Every structure is written in C-alpha cells, then in structure tokens.
Amino acid sequence: MDEFFRTLGLSETVFSLFVLPALIFLARVAEVSTNTIRIIYMLGGRRSMATILGFFEALIWLIAIRQVFQHIDNWPSYIAYPGGFAAGIYVGMIIEDRIAYGKVIVRIITPKEVNALLKYLHQSRIRFTKVSASGADGNENLIFTVLKREKLPDLIQTLASLLPTAFYTIETVKTAKENEAMHTRERLRFFTWLRGVARN
C-alpha cells in the first residue's frame, strides 16, 4: 500500500500522519457497521446474509489490523483504530434504524378508553390482543401486539395522539409465527376479494 500512494506523489510524512490513519479509521467504521447489520440479520434468522456479512467483516478487520502491525510505530494509527470502532458503533445504530428489520412486541397499558386505538390497529392490519386487567390505580386496559419495526414509528405517533398518558414497552422479537388458521383466513379474504373484482 505504501508504494501505491508513493506513486501518487504523496510523501512519507503525509502518508503516515494522514492517509494511513484515515484508511484505518474508515476500515474500522465499515467493519463495526457490518458487524451491527450482521447481528440484526442473525437474530432475524437470515443465515445466508449473516454468513456473507461475517466474511466481509472478518476481511475488513484483517486488512485494518495488518496495516496497524505493519506500521507499529505510527502513533496516529493508535488513535484512528479505536476512533473508527467508536464511530462504527454510531453509524451502525443509524443503519439499524434505517433498515428497521424484524418485529417488535409492544405492550400498551392505559386506564382510558382504547376503542380509537383498536380501530387504528385493525385498519393498519396489525394483530393485537386486548386484556382487561387491574393495577395499583384500578382497572387497566392491556393491549399486546407484535408488528414489523417499519410500522413502529406510526404506532408510536398514533399512540401519542390518542393516548398521550399511556404506558408502553417495546421489545425485539427473534421469531414470530402465525398459525395455519390465520394464513387460511387471509387467503380466503384474498380470493373473496378477487371474485368480487371479477364479477364487477
């Protein structure tokens, strides 16, 4: 690598103080970001994608650590390496939010009327279970639902609008499986709709 940058007219000082640390920093950002995405897919059961990302994660790490050991006396590299790790965590979290992969459990607890919220969940085709419960302050409504993460911002926004004082928790789900009866009903609805279109 040193010879390549020398052919571009860069001096040894410029390469050691700026170019090499920048490359190590970017490599660490890419590696840690890839690691974050790999964990997301691994927890979601995407074995093939997680395996491919794991390969590139290890390759990037190998390239970065090789440059560090080749230039063991280069002190800016000792700053760039952990700096890239920290920045990679931040970038990985941003990517995770953008991907919004997987499903989450949302538990909503409120003593107030929840008909408007249930109507929203039904219209959004989000499965839910409502339970009447009791708490320290009296009767409560408990709504339990599992939904795709991409729908979570809309649900939180709607919840803030309809039930701003509601208490809710959100947890990540590794797997969620519907029974065959639910899939059968969905297929029957589709074919009913299709027959209606054909008649019209």
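R38 and E57 form a salt bridge, their closest N and O atoms lying 2.7 Å apart (side-chain nitrogen of Lys or Arg within 4 Å of a carboxyl oxygen of Asp or Glu). R38 is located in helix α2 and E57 in helix α3 (residues 47-70), so the pair ties together parts 19 residues apart in sequence (helices being DSSP runs of H or I of at least four residues, strands runs of E of at least two). R38 counts as buried at 19% relative accessibility, and E57 counts as buried at 13% (buried, under 20% relative accessible area; exposed, over 50%; partly exposed, in between; 1.4 Å probe, protein chains only). The model is predicted: local features require pLDDT of at least 70 and side-chain atom pairs pLDDT 80 or more, while totals for chains, interfaces and linings use all residues. Side-chain values use heavy atoms, without hydrogens and water, and residues are numbered from 1 along each chain.

The structure holds four salt bridges. Among them, E31 and R28 meet at 2.4 Å, N to O; both residues are buried, and, being three residues apart in helix α2, they are separated by about one helical turn. A further salt bridge joins R107 to E171 at 2.7 Å between the closest N and O atoms. This pair links strand β1 (residues 103-110) with strand β4 (residues 167-173), R107 and E171 being 64 residues apart. R107 is partly exposed at 27% relative accessibility, as is E171 at 37%.

Helix α2 (residues 12-43) packs against helix α4 (residues 75-99) at an angle of about 35°, with the axes 6 Å apart (lines fitted to C-alpha atoms over the stretch in contact; angles from 0 to 180 degrees between N-to-C directions).
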